[in-house]
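Hi everyone, thanks for making time this morning. I'd like to walk you through a structure, so please have a look at it while I talk.

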Amino acid sequence: MLDQWSSFCSPSYSYLVNYEIQSRMYNWLDENTEETQWLKLPALGMWCASNTLTTVTGTAGIAEVFFKGLGILATSPFTNNRIDNAKIGLCEIFVHAPKNVLRTIFVPIDFLCGIIPVCVEPKHAIMKVAECMRINLLHAKKGTLKSPKHENDLDCLQSIVKPKFMKYQGKTFKRLKPDL
Amino acid sequence: MDPIQPIYSWNVNGYEVRVFQEQDYLEYETVDIKSGKIFFKGFDNFKGVTLEEMLSRFKNCRVMIEDNGSAKFLQRYHTLDLNNYEVNLIKGTNDLIWDVFSNLTQITSFISFRESISPSARCHPETVAIINEIKNECFKDSSQIVRLIDDFKVVRLVDKVIFENEGKKWKANSFNKQLNDYIQNSFDKNRDWMLYNSWATSATVLWASGGALSTSLTAYLGTGVIGSSASLVSLLALSQFAMVGGLLIPLAYVGYNTSKGADELFDELINNERKINDCQKTPNLIEIEPKLTAPSSFDPRIIVSKFTWAVTLITGPKGDSGNHAAIIVEGLDNAYFNGVNTNQEYFIYKSEFNPPIRARIYDKKKFQRDLLIGIQKSETWMISSEKVEVMLNSIEQEKQLQQDMLNDGEKIKIDYKGNESILGKGHHNCFTWAREKLKMLNIDMPKIKFGPPDMLLTLPKCYTHTIEEGLKRELTVQQI
């Protein structure tokens, strides 16, 4: 059971809150920038805000997972499946909490890498993050973050976003040259 | 009594052939126009043909006069007006014949269809193959005559003067081009060999002579500071000589072989020249090429027909900073897009990996708009429509496959980094997909702009240039 769980991200309320907020943020931005030409600044602002939020919730997530694991471990002698619960508690403390630390460390790197697409094609970046957050939120709700299904859904992200973005560009071009 | 009036008459090279109707048969006479003397009198024996049919055939026939004055009434298929000539395609006894009437000299000459018909210099090899097929089969197969009349036009009549003038130019150009190509290929083919051998020769020369020199120098000057320094300096100097020598020896070898090959090429050209001289004995050549052609929307210098289509890879205007690739096929429809276009209508067909794959006729208005917004293009390749159809069929099959996958709830994966990226999972992006399809046409996309290596990220715009830049580029031989 531990092996199966080790690759997963522990169900975390901090992550859920993060995706819930970011999903709303990016969807709002996506919907409200259909006609906008100057997207770089709002997109960059949103990117900075969302990364700050991810860092905050990621740090909270470390504490959350650690204390959750500690709680499960401490209460395990009083449950029916003592050994299993103790294992889960240890897994939360020694596997998921360090993984969450690594994920939080990775946020600034992700932030820097993400700035390039946000500056090059902000609308596409917004659409991509909005879709990514939708998938993350879905899996955070199900408790299947970082599961193979989640990875697979993220792999298909580009195939969802690209046609959507192309459609958006088509509409923009039509607005630019309505006579043709 | 009034003389009987002919029902039909033809003037051929100073003779008049008159046809008279007797009660149930037709009679003709060949008259020398100058002297008015009857040169030949006879009747054509149309076996199994009624008088009415004979009369209707006369309306559409040309006359050929034999040496003895007898006339042959030959069925006419087609008439063309070409500057100073009137050209008729007629059916002879064993072959089709061109009946060429010169308005200037008033002389009619008869030329063998098979010997005189020639594809124009602009014809693509596949078009030439079609012309050859028509040439060989149209006497037996009348559908080939229909094909010839419907799909081809006579560009010009090549007389001896034109032939001689163009032949000289052609010979010079052809020889220079072939020689250049030959030398280029020879050196390209041997580049790796030369590189390897220049290093190998340098190393061998250095090892053999350097060893001997340094041994003799140290033996003469001793192993002290002077002896060691002298042998080191001499070794350095020798290495320079060895490198130059190492490069020159294989270069000279390849050069020698190339010049030998060039001599052979020259001999071959001399032979070809003899052949050309032989050809000059033929009085006229009739050059044909596809009847309907259209200029490409990218570059008006590129002409497409129903036999030869233009294939171009474009990027933009959609995609991240216009980095979306698509394959564009331009041509005149040959019923491949049955029901979408009318036959021989100019079309632009776009195939792209969006995903899923989309392949459809590109609306001309939309194309013009996209051109204004910013499309970039690769080189344009002229490919026979048959080969392009194979590629389009393959795209259509893949499109169906992807549609089935989508219907089953599966998703089609795409990776912006391309299938060669070591950072990705081997999925195609729009460009690598298109590049793979173009490989079916033996097109190898050259990278023309500086950009990241494909092993990290395949950026489509590194393979395309602006339309304006394309117009400035020299066009290779135009083929339709």
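**A walk through chains A and B**

Let's begin with chain A, whose elements run α-α-α-α-α-α-α from the N terminus on. Before going further, please keep in mind that this is a predicted model. To put the count in words, chain A has seven helices and zero strands. Along the principal axes, the C-alpha atoms of chain A fill a box of roughly 75 × 25 × 20 Å. Chain A has 180 residues, and 31% of them count as buried. Have a look at the contacts as well: taking those in chain A between residues at least 6 apart in sequence, 76% join residues at least 24 apart.

Now to a helix pair. Two packed helices are described by the angle between their axes and the distance between the axes. For helix 2 (residues 13–31) and helix 5 (residues 122–142) of chain A, the angle is about 150° and the axes are 8 Å apart. That angle is why helix 2 of chain A is roughly antiparallel to helix 5 of chain A. The crossing of helix 2 of chain A past helix 5 of chain A is left-handed.

Who meets whom here? From helix 2 of chain A, the residues in this contact include Tyr15(A), Leu16(A), Tyr19(A), Tyr26(A) and Leu29(A). On the side of helix 5 of chain A, you'll find among them Ile126(A), Met127(A), Val129(A), Met133(A) and Leu137(A). By class, the contact between helix 2 and helix 5 of chain A has twelve nonpolar, four polar and four charged residues.

While we're in chain A, please find Lys146(A), in the loop between helix 5 and helix 6 (148–155) of chain A. What is phi of Lys146(A)? The value is near 65°, which is positive, in a residue other than glycine. Lys146(A) is partly exposed, with 18 other C-beta atoms within 10 Å.

On to the place where the chains meet. There, 15 residues of chain A are in contact with 17 residues of chain B. Which helix of chain A gives the most to the side that touches chain B? That is helix 7 (residues 157–176) of chain A, with eight residues. As for the classes, the side of chain A that touches chain B has seven nonpolar, four polar and four charged residues.

Now chain B, and its sheets. One is an open sheet of five strands in the order 5-6-7-8-9, with antiparallel pairing. Its edge strands are strand 5 (61–65) and strand 9 (108–112) of chain B, each of which pairs on one side only. From one strand to the next, the twist in this sheet averages 40°. Strand 5 of chain B pairs with strand 6 (residues 71–82) of chain B in the antiparallel sense, over five bridges. If you'd like a bridge to look for, the partner of Arg62(B) in strand 6 of chain B is Leu74(B).

Another open sheet in chain B has three strands in the order 10-12-11, and here the pairing is mixed. Strand 10 (117–119) and strand 11 (152–158) of chain B stand at the edges with a single partner strand each, so one side of each is left without a neighbour in the sheet. The twist averages 35° from one strand to the next. Helix 3 (residues 125–137) of chain B packs on this sheet, touching strand 10 and strand 12 of chain B. The direction of helix 3 of chain B makes about 165° with that of strand 10 of chain B. Strand 11 and strand 12 (residues 285–290) of chain B pair in the antiparallel sense over six bridges. Val158(B) stands opposite Leu285(B) in strand 12 of chain B.

Finally, some backbone details. Most residues other than glycine have a negative phi, and most peptide bonds are trans. Asn442(B), with phi near 60°, has a positive value in a residue other than glycine. Asn442(B) lies in the loop between helix 10 (430–438) and strand 20 (465–466) of chain B, and is exposed, with 9 other C-beta atoms within 10 Å.

Then there is the loop between strand 17 (346–353) and strand 18 (357–361) of chain B, where Pro355(B) is found. The peptide bond joining Asn354(B) and Pro355(B) is cis, with omega about -20°. The bond from Pro355(B) to Pro356(B) is cis as well, with omega near 0°.

Notes: Residues are numbered from 1 along each chain as its sequence is written. Chains are lettered from A and ligands numbered from 1 in the order in which they are written. This is a predicted model: local features need pLDDT of at least 70, side-chain atom pairs count only at pLDDT 80 or more; totals for chains, interfaces and linings use all residues. Two strands pair if DSSP finds at least two bridges between them. Helices (H or I, at least four residues) and strands (E, at least two) are DSSP runs, numbered from the N terminus. Axes are lines fitted to C-alpha atoms, for helices over the stretch in contact, and angles run from 0 to 180 degrees between N-to-C directions. Two residues are in contact if their C-beta atoms, placed from the backbone, lie within 7 Å. Ala, Val, Leu, Ile, Met, Phe, Trp, Tyr, Cys and Pro count as nonpolar, Asp, Glu, Lys and Arg as charged, and the others, Gly among them, as polar. Angles under 35 degrees count as roughly parallel, over 145 as roughly antiparallel, 65 to 115 as roughly perpendicular and the rest as oblique. A crossing is left-handed if the near helix is turned anticlockwise from the far one by less than a right angle, and right-handed if clockwise. A residue is buried if 20 or more other C-beta atoms lie within 10 Å of its own, exposed if 12 or fewer, and partly exposed in between; C-beta atoms are placed from the backbone.
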